[in-house]
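Visitor: Could you walk me through this model, one question at a time?
Guide: Gladly; let us look at it together.

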Amino acid sequence: MDMLPTTLITPHSGYHWDGSQRRFFEGWYYRVTLPELDQTFAFMYSIEDPIGGQPYSGGAAQILGPEDTYFCRTFADVSQFWSWGAPAGMGPLGLGHWSRGIPGLQPQLLEPDEFDRQITQGYQGTHTWHQGHLRDPGTGQAAHWAYRIQPIYGWGEVDKTSRSTAGLLSFLPIFEPGWQVMMAHGLATGWIDWQGQRFVFENAPAYAEKNWGGAFPQKWFWINCNCFENQPDLALTAAAGRRGVLWWMESVGLIGIHHQGQFYEFAPWNSEISWSVTPWGEWTMTASNSEYAVEIWASCDRNGTPLRAPTQNGLIFVCKDTMHGRVTLTLKRYHQQGTTLLLKAHSHLCGLEVGGGPWQTVWIAEEAASQPLDSAPWGLAAT
(Lines give C-alpha, C1' and ligand atoms only; values in the text may rest on other atoms or scores of the structure.)
Protein backbone atom coordinates (compact mmCIF):
# COMPACT_ATOMS: atom_id res chain seq x y z
CA MET A 1 0.00 0.00 0.00
CA ASP A 2 1.15 3.56 -0.72
CA MET A 3 2.77 5.59 2.04
CA LEU A 4 1.23 8.94 2.94
CA PRO A 5 3.15 12.13 3.86
CA THR A 6 2.86 12.74 7.58
CA THR A 7 1.39 16.22 6.95
CA LEU A 8 -1.67 14.53 5.42
CA ILE A 9 -2.26 12.13 8.31
CA THR A 10 -4.82 13.78 10.56
CA PRO A 11 -5.12 13.32 14.31
CA HIS A 12 -7.67 10.67 15.25
CA SER A 13 -7.08 8.62 12.10
CA GLY A 14 -6.53 5.54 14.27
CA TYR A 15 -9.13 3.33 15.95
CA HIS A 16 -10.29 4.71 19.31
CA TRP A 17 -11.74 1.72 21.14
CA ASP A 18 -9.72 1.02 24.29
CA GLY A 19 -11.01 -2.50 24.91
CA SER A 20 -13.43 -1.47 27.64
CA GLN A 21 -17.03 -2.62 28.02
CA ARG A 22 -18.54 0.87 27.91
CA ARG A 23 -21.02 1.70 25.15
CA PHE A 24 -18.91 2.59 22.10
CA PHE A 25 -19.22 3.19 18.38
CA GLU A 26 -16.87 4.25 15.63
CA GLY A 27 -17.84 5.17 12.09
CA TRP A 28 -15.98 5.92 8.85
CA TYR A 29 -17.18 7.69 5.72
CA TYR A 30 -15.76 7.66 2.16
CA ARG A 31 -17.23 9.70 -0.67
CA VAL A 32 -16.47 9.74 -4.41
CA THR A 33 -18.21 12.19 -6.76
CA LEU A 34 -18.50 11.63 -10.51
CA PRO A 35 -19.16 15.12 -11.93
CA GLU A 36 -19.50 14.02 -15.56
CA LEU A 37 -22.43 11.79 -14.51
CA ASP A 38 -23.85 14.06 -11.78
CA GLN A 39 -23.64 11.17 -9.32
CA THR A 40 -21.99 10.36 -6.00
CA PHE A 41 -21.14 7.21 -4.06
CA ALA A 42 -20.97 7.44 -0.26
CA PHE A 43 -19.66 4.47 1.77
CA MET A 44 -20.48 4.45 5.50
CA TYR A 45 -18.99 1.87 7.86
CA SER A 46 -19.74 1.49 11.57
CA ILE A 47 -18.90 -0.76 14.49
CA GLU A 48 -20.83 -0.85 17.77
CA ASP A 49 -19.78 -2.35 21.11
CA PRO A 50 -16.79 -4.18 19.60
CA ILE A 51 -16.15 -6.10 22.82
CA GLY A 52 -18.92 -8.41 21.60
CA GLY A 53 -21.74 -10.17 23.40
CA GLN A 54 -23.69 -6.96 23.97
CA PRO A 55 -27.27 -6.36 22.75
CA TYR A 56 -26.10 -4.05 19.96
CA SER A 57 -22.68 -5.49 19.15
CA GLY A 58 -22.13 -5.59 15.42
CA GLY A 59 -21.04 -3.72 12.32
CA ALA A 60 -22.61 -2.37 9.16
CA ALA A 61 -21.74 -1.12 5.70
CA GLN A 62 -24.15 1.33 4.12
CA ILE A 63 -23.77 2.75 0.62
CA LEU A 64 -25.60 5.64 -0.96
CA GLY A 65 -25.40 5.18 -4.73
CA PRO A 66 -26.64 6.85 -7.92
CA GLU A 67 -29.79 8.95 -7.49
CA ASP A 68 -29.46 8.46 -3.70
CA THR A 69 -30.28 4.74 -3.93
CA TYR A 70 -29.50 2.76 -0.78
CA PHE A 71 -27.70 -0.46 0.13
CA CYS A 72 -27.00 -1.91 3.59
CA ARG A 73 -25.14 -5.01 4.80
CA THR A 74 -24.81 -5.84 8.50
CA PHE A 75 -22.16 -7.94 10.23
CA ALA A 76 -23.00 -9.75 13.46
CA ASP A 77 -19.49 -11.05 14.25
CA VAL A 78 -17.40 -8.16 15.59
CA SER A 79 -14.33 -10.41 15.78
CA GLN A 80 -14.10 -10.15 11.99
CA PHE A 81 -13.59 -6.38 12.17
CA TRP A 82 -10.09 -4.93 12.34
CA SER A 83 -8.63 -1.45 12.47
CA TRP A 84 -5.29 0.13 13.31
CA GLY A 85 -5.09 2.07 16.53
CA ALA A 86 -2.37 4.33 17.89
CA PRO A 87 -1.61 6.38 21.02
CA ALA A 88 -3.85 9.46 21.05
CA GLY A 89 -5.38 8.31 17.79
CA MET A 90 -2.46 9.59 15.72
CA GLY A 91 -1.94 6.51 13.56
CA PRO A 92 -2.90 6.03 9.89
CA LEU A 93 -6.35 4.87 8.91
CA GLY A 94 -6.83 1.17 8.30
CA LEU A 95 -10.09 -0.70 8.64
CA GLY A 96 -11.91 -3.69 7.29
CA HIS A 97 -14.72 -6.14 7.94
CA TRP A 98 -15.75 -9.33 6.29
CA SER A 99 -18.40 -11.88 6.99
CA ARG A 100 -17.14 -14.70 4.84
CA GLY A 101 -13.58 -15.60 3.93
CA ILE A 102 -11.15 -18.48 4.25
CA PRO A 103 -11.65 -20.23 7.64
CA GLY A 104 -8.97 -19.27 10.12
CA LEU A 105 -7.92 -16.13 8.23
CA GLN A 106 -6.89 -13.46 10.70
CA PRO A 107 -8.61 -10.10 10.00
CA GLN A 108 -5.91 -7.83 8.58
CA LEU A 109 -5.03 -5.61 5.64
CA LEU A 110 -4.62 -7.73 2.51
CA GLU A 111 -3.08 -6.95 -0.85
CA PRO A 112 -5.87 -6.09 -3.33
CA ASP A 113 -5.54 -9.28 -5.37
CA GLU A 114 -5.36 -11.42 -2.22
CA PHE A 115 -8.46 -9.73 -0.83
CA ASP A 116 -10.40 -10.57 -4.00
CA ARG A 117 -9.24 -14.21 -3.86
CA GLN A 118 -9.88 -14.83 -0.18
CA ILE A 119 -12.82 -12.63 0.86
CA THR A 120 -16.27 -13.33 -0.52
CA GLN A 121 -17.99 -10.55 1.45
CA GLY A 122 -16.28 -7.59 3.05
CA TYR A 123 -14.42 -4.31 2.67
CA GLN A 124 -11.08 -2.76 3.54
CA GLY A 125 -9.74 0.76 3.34
CA THR A 126 -6.75 2.97 4.06
CA HIS A 127 -5.88 6.58 3.34
CA THR A 128 -4.87 5.60 -0.19
CA TRP A 129 -6.85 2.45 -1.06
CA HIS A 130 -10.49 1.37 -0.80
CA GLN A 131 -12.10 -1.87 -2.00
CA GLY A 132 -14.87 -4.30 -1.20
CA HIS A 133 -17.66 -6.53 -2.42
CA LEU A 134 -20.97 -6.98 -0.64
CA ARG A 135 -24.29 -8.65 -1.38
CA ASP A 136 -27.62 -8.34 0.38
CA PRO A 137 -28.78 -11.94 0.97
CA GLY A 138 -32.40 -10.83 1.08
CA THR A 139 -32.65 -8.78 -2.10
CA GLY A 140 -29.65 -10.03 -4.06
CA GLN A 141 -28.42 -6.46 -4.52
CA ALA A 142 -24.64 -6.28 -4.87
CA ALA A 143 -21.85 -3.73 -4.90
CA HIS A 144 -18.18 -4.23 -5.81
CA TRP A 145 -15.52 -1.52 -5.87
CA ALA A 146 -11.79 -0.82 -5.97
CA TYR A 147 -10.11 2.55 -6.25
CA ARG A 148 -6.87 4.31 -5.36
CA ILE A 149 -6.90 7.63 -3.51
CA GLN A 150 -4.51 10.56 -3.82
CA PRO A 151 -5.08 12.81 -0.79
CA ILE A 152 -4.76 16.56 -1.49
CA TYR A 153 -5.92 18.17 1.77
CA GLY A 154 -6.11 16.66 5.23
CA TRP A 155 -7.60 19.23 7.61
CA GLY A 156 -5.65 22.47 7.78
CA GLU A 157 -2.99 24.42 5.93
CA VAL A 158 -0.99 22.77 3.17
CA ASP A 159 2.50 21.57 4.15
CA LYS A 160 1.68 21.88 7.84
CA THR A 161 0.69 19.14 10.25
CA SER A 162 -3.01 18.36 9.85
CA ARG A 163 -5.27 19.58 12.61
CA SER A 164 -7.87 17.94 14.76
CA THR A 165 -11.22 19.00 13.29
CA ALA A 166 -12.73 19.77 16.68
CA GLY A 167 -9.59 21.39 18.06
CA LEU A 168 -7.57 20.41 21.13
CA LEU A 169 -10.73 19.66 23.10
CA SER A 170 -11.42 16.65 20.87
CA PHE A 171 -8.66 14.78 22.71
CA LEU A 172 -10.74 14.87 25.91
CA PRO A 173 -13.31 12.06 26.27
CA ILE A 174 -15.80 14.38 27.98
CA PHE A 175 -16.51 15.89 24.53
CA GLU A 176 -18.38 13.19 22.66
CA PRO A 177 -18.83 12.19 19.99
CA GLY A 178 -15.48 12.92 18.40
CA TRP A 179 -15.44 14.02 14.76
CA GLN A 180 -12.49 14.17 12.38
CA VAL A 181 -12.30 15.09 8.70
CA MET A 182 -9.48 12.80 7.56
CA MET A 183 -9.34 14.01 3.95
CA ALA A 184 -11.09 17.24 3.01
CA HIS A 185 -10.21 16.70 -0.63
CA GLY A 186 -8.51 14.07 -2.74
CA LEU A 187 -8.63 12.36 -6.12
CA ALA A 188 -9.88 8.81 -6.67
CA THR A 189 -9.14 6.54 -9.64
CA GLY A 190 -10.74 3.13 -10.12
CA TRP A 191 -14.18 1.62 -10.55
CA ILE A 192 -17.44 0.87 -8.75
CA ASP A 193 -19.84 -1.86 -9.85
CA TRP A 194 -23.32 -0.94 -8.59
CA GLN A 195 -26.09 -3.50 -9.09
CA GLY A 196 -24.37 -4.75 -12.25
CA GLN A 197 -23.60 -1.33 -13.72
CA ARG A 198 -19.91 -0.38 -13.78
CA PHE A 199 -18.70 3.18 -13.21
CA VAL A 200 -15.07 3.84 -14.16
CA PHE A 201 -13.45 7.09 -13.05
CA GLU A 202 -10.12 8.90 -12.98
CA ASN A 203 -9.17 11.71 -10.60
CA ALA A 204 -12.71 11.98 -9.23
CA PRO A 205 -13.23 14.22 -6.16
CA ALA A 206 -12.92 12.15 -2.97
CA TYR A 207 -13.54 12.83 0.73
CA ALA A 208 -13.19 10.95 4.03
CA GLU A 209 -14.19 11.54 7.66
CA LYS A 210 -14.96 9.62 10.84
CA ASN A 211 -16.60 9.86 14.27
CA TRP A 212 -16.46 7.87 17.49
CA GLY A 213 -17.42 7.80 21.15
CA GLY A 214 -19.87 6.59 23.73
CA ALA A 215 -22.38 9.45 23.69
CA PHE A 216 -24.48 10.71 20.81
CA PRO A 217 -25.74 14.14 19.71
CA GLN A 218 -29.46 14.72 20.01
CA LYS A 219 -29.70 16.59 16.75
CA TRP A 220 -27.37 17.56 13.89
CA PHE A 221 -26.92 18.64 10.30
CA TRP A 222 -24.04 18.28 7.83
CA ILE A 223 -23.00 20.00 4.57
CA ASN A 224 -20.20 18.67 2.36
CA CYS A 225 -19.02 19.45 -1.17
CA ASN A 226 -15.71 19.21 -3.03
CA CYS A 227 -17.12 19.29 -6.55
CA PHE A 228 -17.90 22.93 -7.35
CA GLU A 229 -18.51 24.40 -10.79
CA ASN A 230 -15.23 25.73 -12.27
CA GLN A 231 -13.51 25.33 -8.89
CA PRO A 232 -11.60 22.00 -8.92
CA ASP A 233 -9.51 22.97 -5.87
CA LEU A 234 -12.28 23.88 -3.43
CA ALA A 235 -13.63 21.79 -0.56
CA LEU A 236 -16.30 22.65 2.02
CA THR A 237 -17.34 20.78 5.14
CA ALA A 238 -19.75 22.28 7.67
CA ALA A 239 -21.78 20.77 10.48
CA ALA A 240 -23.48 21.46 13.78
CA GLY A 241 -24.95 19.36 16.55
CA ARG A 242 -26.40 19.34 20.05
CA ARG A 243 -24.14 17.22 22.23
CA GLY A 244 -23.66 16.47 25.90
CA VAL A 245 -20.63 17.83 27.78
CA LEU A 246 -20.55 16.61 31.38
CA TRP A 247 -23.97 17.76 32.73
CA TRP A 248 -24.59 20.33 30.00
CA MET A 249 -26.09 20.18 26.53
CA GLU A 250 -24.49 22.52 23.98
CA SER A 251 -25.03 23.39 20.33
CA VAL A 252 -21.79 23.70 18.40
CA GLY A 253 -21.07 24.39 14.74
CA LEU A 254 -18.02 24.46 12.51
CA ILE A 255 -17.13 25.43 8.92
CA GLY A 256 -13.93 24.45 7.12
CA ILE A 257 -12.92 25.58 3.62
CA HIS A 258 -9.85 24.47 1.65
CA HIS A 259 -9.06 26.54 -1.44
CA GLN A 260 -5.87 26.95 -3.46
CA GLY A 261 -3.65 25.83 -0.62
CA GLN A 262 -5.37 27.98 2.00
CA PHE A 263 -7.48 26.81 4.94
CA TYR A 264 -10.30 28.96 6.29
CA GLU A 265 -11.59 27.75 9.65
CA PHE A 266 -14.68 29.05 11.41
CA ALA A 267 -15.07 27.35 14.80
CA PRO A 268 -16.42 28.22 18.27
CA TRP A 269 -12.94 29.17 19.48
CA ASN A 270 -12.28 31.75 16.74
CA SER A 271 -15.59 32.82 15.18
CA GLU A 272 -19.23 33.70 15.69
CA ILE A 273 -21.39 31.08 13.99
CA SER A 274 -25.13 30.93 13.36
CA TRP A 275 -27.48 28.79 11.30
CA SER A 276 -31.07 28.25 10.24
CA VAL A 277 -31.94 24.73 9.07
CA THR A 278 -35.38 23.33 8.28
CA PRO A 279 -36.35 19.73 9.12
CA TRP A 280 -35.59 19.07 5.44
CA GLY A 281 -34.99 21.19 2.37
CA GLU A 282 -32.97 24.27 3.32
CA TRP A 283 -29.68 24.86 5.15
CA THR A 284 -28.25 28.33 5.86
CA MET A 285 -25.07 28.90 7.83
CA THR A 286 -23.03 32.07 8.45
CA ALA A 287 -19.84 32.76 10.37
CA SER A 288 -17.34 35.58 10.84
CA ASN A 289 -14.15 36.40 12.70
CA SER A 290 -11.69 39.30 12.66
CA GLU A 291 -10.47 38.48 9.13
CA TYR A 292 -13.16 36.64 7.17
CA ALA A 293 -16.89 36.09 6.76
CA VAL A 294 -18.61 33.14 5.13
CA GLU A 295 -22.16 32.35 4.09
CA ILE A 296 -23.48 28.97 3.00
CA TRP A 297 -26.89 28.45 1.48
CA ALA A 298 -27.97 24.94 0.47
CA SER A 299 -31.24 23.38 -0.61
CA CYS A 300 -32.75 20.18 -1.91
CA ASP A 301 -36.09 19.49 -3.60
CA ARG A 302 -35.69 15.70 -3.36
CA ASN A 303 -37.21 13.72 -0.51
CA GLY A 304 -33.87 12.49 0.79
CA THR A 305 -32.87 8.93 1.69
CA PRO A 306 -33.23 7.62 5.28
CA LEU A 307 -29.99 6.19 6.70
CA ARG A 308 -29.24 4.08 9.74
CA ALA A 309 -26.97 5.31 12.51
CA PRO A 310 -25.73 3.90 15.83
CA THR A 311 -27.89 5.03 18.75
CA GLN A 312 -28.49 3.97 22.33
CA ASN A 313 -31.01 1.53 20.84
CA GLY A 314 -28.76 0.10 18.15
CA LEU A 315 -28.49 0.82 14.45
CA ILE A 316 -31.73 2.48 13.36
CA PHE A 317 -33.04 5.03 10.83
CA VAL A 318 -32.51 8.41 12.50
CA CYS A 319 -31.18 10.63 9.71
CA LYS A 320 -31.77 11.55 6.09
CA ASP A 321 -29.31 12.38 3.29
CA THR A 322 -28.97 13.48 -0.28
CA MET A 323 -25.89 13.77 -2.49
CA HIS A 324 -27.79 16.03 -4.93
CA GLY A 325 -28.06 19.23 -2.93
CA ARG A 326 -27.56 22.69 -4.37
CA VAL A 327 -25.12 24.94 -2.54
CA THR A 328 -23.76 28.47 -2.86
CA LEU A 329 -20.64 29.37 -0.89
CA THR A 330 -19.57 33.00 -0.40
CA LEU A 331 -16.28 33.94 1.30
CA LYS A 332 -15.21 37.54 2.04
CA ARG A 333 -12.18 39.14 3.65
CA TYR A 334 -12.32 42.21 5.89
CA HIS A 335 -9.89 45.11 5.44
CA GLN A 336 -9.69 48.79 6.35
CA GLN A 337 -11.60 49.87 3.25
CA GLY A 338 -14.41 47.35 3.79
CA THR A 339 -14.65 43.83 2.41
CA THR A 340 -13.30 41.95 -0.60
CA LEU A 341 -15.08 39.02 -2.21
CA LEU A 342 -12.59 36.15 -2.23
CA LEU A 343 -14.84 33.43 -3.54
CA LYS A 344 -18.37 32.70 -4.70
CA ALA A 345 -18.97 29.14 -5.82
CA HIS A 346 -21.89 26.89 -6.72
CA SER A 347 -22.58 23.17 -6.95
CA HIS A 348 -25.54 20.85 -7.48
CA LEU A 349 -23.66 17.84 -6.06
CA CYS A 350 -23.56 18.83 -2.41
CA GLY A 351 -23.99 16.27 0.35
CA LEU A 352 -26.67 17.29 2.84
CA GLU A 353 -27.90 15.59 6.01
CA VAL A 354 -30.20 16.15 8.97
CA GLY A 355 -30.54 13.81 11.90
CA GLY A 356 -31.83 13.24 15.38
CA GLY A 357 -34.67 15.16 16.93
CA PRO A 358 -37.16 16.27 17.85
CA TRP A 359 -37.04 18.42 14.71
CA GLN A 360 -40.52 19.60 13.74
CA THR A 361 -39.59 23.26 13.17
CA VAL A 362 -36.70 25.33 11.85
CA TRP A 363 -33.53 25.01 13.95
CA ILE A 364 -32.17 28.52 14.48
CA ALA A 365 -28.98 28.89 16.50
CA GLU A 366 -26.93 31.91 17.41
CA GLU A 367 -23.40 31.32 18.65
CA ALA A 368 -23.88 28.10 20.58
CA ALA A 369 -25.75 28.59 23.83
CA SER A 370 -25.32 25.88 26.49
CA GLN A 371 -28.27 24.47 28.41
CA PRO A 372 -28.68 21.98 31.28
CA LEU A 373 -28.51 18.35 30.17
CA ASP A 374 -32.03 17.17 30.91
CA SER A 375 -32.04 13.98 28.85
CA ALA A 376 -29.56 11.51 27.44
CA PRO A 377 -28.36 12.37 23.93
CA TRP A 378 -29.29 9.56 21.60
CA GLY A 379 -28.40 10.01 17.93
CA LEU A 380 -25.16 9.77 15.95
CA ALA A 381 -24.47 11.52 12.67
CA ALA A 382 -24.10 8.76 10.10
CA THR A 383 -20.93 10.09 8.60
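**Strands, a loop and a cavity**

Guide: In this predicted model, strands E19 and E20 make a hairpin, with 2 residues between them.

Visitor: How many bridges pair E19 with E20, and in which sense do they run?
Guide: Strand E19 covers residues 305–311. Within this pairing, Leu 307 stands opposite Cys 319 of E20. E19 and E20 are antiparallel, and their bridges number 7.

Visitor: Which residue of E21 stands opposite Leu 331?
Guide: E20 also forms a hairpin with E21, again with 2 residues between the strands. Here 14 bridges join E20 to strand E21 (residues 338–356), and the two run antiparallel. The residue of E21 facing Leu 331 is Leu 343.

Visitor: What is the bridge partner of Glu 295 in E20?
Guide: Strand E18 (residues 292–299) is joined to E20 (residues 314–335) by 8 bridges in an antiparallel arrangement. In E20, the partner of Glu 295 is Thr 330.

Visitor: Which strands stand at the edges of the open sheet of 11 strands?
Guide: The order of that sheet is E4-E3-E2-E1-E11-E10-E9-E8-E7-E6-E5, with antiparallel pairing. A strand at either end has a single partner, so one of its sides is left without a neighbour in the sheet. The edge strands are E4 (70–75) and E5 (81–83).

Visitor: By how many degrees are neighbouring strands of this sheet turned against each other on average?
Guide: Direction is ignored for this angle. The average is 20°.

Visitor: What is the bridge partner of Gly 27 in E11?
Guide: Strand E1 (residues 25–34) pairs with strand E11 (residues 197–213) in the antiparallel sense, over 8 bridges. Within E11, the partner of Gly 27 is Asn 211.

Visitor: Is Thr 139 buried or exposed?
Guide: Thr 139 sits in the loop between strand E8 (129–135) and strand E9 (142–153). Its side chain reaches the backbone nitrogen of Gln 141 at 3.2 Å. The relative accessible area of Thr 139 is 54%, and the cut-off for exposed is over 50%, so Thr 139 is exposed.

Visitor: How many nonpolar, polar and charged residues line the second largest cavity?
Guide: This cavity has a volume of about 50 Å³. Its lining includes Tyr 30, Ile 149 and Met 182, and E9 and strand E10 (178–194) each supply at least two of the lining residues. The lining divides into 7 nonpolar, 2 polar and no charged residues.

Conventions:
Residues numbered from 1 in each chain as written. Predicted model: local features only at pLDDT ≥ 70, side-chain atom pairs only at ≥ 80, totals over all residues. Heavy atoms only, no water. Helix = DSSP H or I, 4+ residues; strand = E, 2+ residues; numbered from the N terminus. Buried < 20%, exposed > 50% of the residue type's maximum accessible area, 1.4 Å probe, protein only. Polar contact = N/O pair within 3.5 Å; in protein donor to acceptor, adjacent residues only side chain to side chain. Pairing = 2+ DSSP bridges. Axes fitted to C-alpha atoms, helices over the stretch in contact; angles between N-to-C directions. 1 Å grid on protein atoms, 1.4 Å probe; cavity = no way out; pocket = protein on both sides within 12 Å on 5 of 7 lines; lining within 4 Å. Points joined across faces, edges and corners; volume = space filled by probe spheres on them. Nonpolar A, V, L, I, M, F, W, Y, C, P; charged D, E, K, R; others polar.
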